[in-house]
Amino acid sequence: MKTDYDTIADAYALSRRESEHVIVELQSFCSLTPVSKVLEVGCGTANHIHALIDSVDCAGWGVEPSEGMRRHAPVHSRLNVCQGSAEFIPFEDAFFDLLFAVNVIHHLPSPRKYFEESFRVLRPGGWICTFTDSTEMIQRREPLSRYWPSSAEADIARYPTAAALLDAMDQVGFINITSREIKKTSRIADATPYRERAFSCLRLIDDVQFEEGLRLLEEDLHKGPVRVTSEYVCI
C-alpha cells in the first residue's frame, strides 16, 4: 500500500521533527560552508534541510512530490522547496555539494534511479548520504514495533537491504562508499503522533491491530514516559 502523504501532511507537520543525530552525522563527514549547496531528496516538510541550514548557514533545496507536505515547509531565505522526486530531480548536472535523503529509500520503486539522479546532480567530489533502516533496527523500534509488531513485518518487506543499496551505488559509479549506524534514545509523554498515524508503517496495518496497539501505548503513557529509539544506517 502506498502512503498518501497529502492526506497525512497536516498530522505529519504537527508531530514530526528533525532528528538531531542526522544533522550531526551530515556535518561529521563533509565540510559545509555558507557557499555549499545542499539538497534533501524527499524532504517532506523540510525539517532536516531547514535544521541543517540553521546549523551551518548553507544554501538548501528540497524536492518533494507531495504538495501537502511542501505546503508545510518553513519559510527561510536560504531554503527553496520544489516539486520533484528521487527519480526525477529537477536540477542541472553537477549542481550540489551534498545530497541526502532520510527514510525515503523504502518508498521508491527504483532505488537505482535515485542513485543515478543523485550522481548526475552532484558535483565531482560531492557527497551523498542515504539514511535508512536495517531489518534488526525495524524489529527493535520503540515504540512502533513494541506496540504494533505487524508494522515491523510490513516495513521489513518494503525496505531494501544495505547490501543491495551499496551494490547499486557501486554500479552507478560512486566511490569511497561506507556504511555506519547511528542511534539516539529519548522518551515521549504524548501519543498524538501515533494516534494520528503520522508514521507511514502504521497505515500498513489493519484498524483492529492499530487500535489495540494504541490502547496499550496509552495505558503505559498513563504510568509515565515511554522510551523511543531512533536508529539509522547511514550509507
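1. Helices (H or I, at least four residues) and strands (E, at least two) are DSSP runs, numbered from the N terminus. The model is predicted, so to speak of local features requires pLDDT of at least 70, side-chain atom pairs count only at pLDDT 80 or more, and totals for chains, interfaces and linings use all residues. Residues are numbered from 1 along each chain as its sequence is written, and side-chain values use heavy atoms, with hydrogens and water left out.

2. Backbone geometry. The peptide bond that joins E142 and P143 is cis, with omega of about 5°. P143 is found in the loop between α6 and α7. A94 has a positive phi of about 55° and is placed in the loop between β3 (79–82) and β4 (96–102). R197 also has a positive phi, near 55°, and its place is the loop between α10 (192–195) and α11.

3. Accessibility at these two positions. Buried means under 20% relative accessible area, exposed means over 50%, and partly exposed lies in between (1.4 Å probe, protein chains only). A94 counts as partly exposed because its relative accessibility is 41%. R197 is buried because its relative accessible area is 14%.

4. Aromatic pairs. Rings of Phe, Tyr and Trp (its six-membered ring) pair if their centres lie within 6.5 Å; planes under 30 degrees apart count as stacked, over 60 as edge-to-face and the rest as tilted. The count by this rule is 14 aromatic pairs. One of them is formed by F91 and F96, which are edge-to-face at 5.0 Å centre to centre with 75° between the planes. Both of these residues, F91 and F96, are buried.

5. Which arrangement do the rings of W148 and F210 adopt? They are stacked, at 6.0 Å centre to centre and 15° between the planes. This pair links distant parts of the chain: W148 is in the loop between α7 (144–147) and α8 (149–158), F210 is in helix α11 (residues 207–223), and they are 62 residues apart. W148 and F210 are both buried. Ring pairs also link Y147, W148, Y194, F199 and F210 into a cluster.

6. Charges over rings. A charge sits over a ring if NZ of Lys or CZ of Arg is within 6 Å of the ring centre and within 35 degrees of the ring normal. R197, the residue with positive phi noted above, lies over the face of F210 at 3.9 Å from the ring centre. K37 lies over the face of F95, at 4.2 Å from the ring centre.

7. R112 forms one with E116, the closest N and O atoms being 3.0 Å apart. Because R112 and E116 are four residues apart in helix α5 (residues 111–121), about one helical turn separates them. R112 is partly exposed at 34% relative accessibility, and E116 is partly exposed at 32%. R120 and E117 meet in a salt bridge at 2.8 Å, N to O. They are three residues apart in helix α5 and so are separated by about one helical turn. R120 is partly exposed at 25%, whereas E117 is buried at 10%.

8. Salt bridges elsewhere. E231 and R140 meet in a salt bridge of 2.9 Å, N to O. This pair links distant parts of the chain, with E231 in strand β7 (residues 226–234) and R140 in the loop between α6 (135–139) and α7, 91 residues apart. E231 is buried at 12% relative accessible area, and R140 is partly exposed at 39%. A network of salt bridges links D133, R141, D155 and R158.9. The second largest pocket. On a 1 Å grid over the protein atoms alone, a pocket is an open set of points where a 1.4 Å probe fits, with protein on both sides within 12 Å along at least five of seven lines; lining residues have an atom within 4 Å of a point. About 520 Å³ of space lies in the second largest pocket. Of its 21 lining residues, the closest to the centre are G126, W127, I128, I175 and N176. The largest share of the lining, eight residues, comes from β5.

Conventions. Points joined across faces, edges and corners; volume = space filled by probe spheres on them. Salt bridge = Lys/Arg side-chain N within 4 Å of Asp/Glu carboxyl O.
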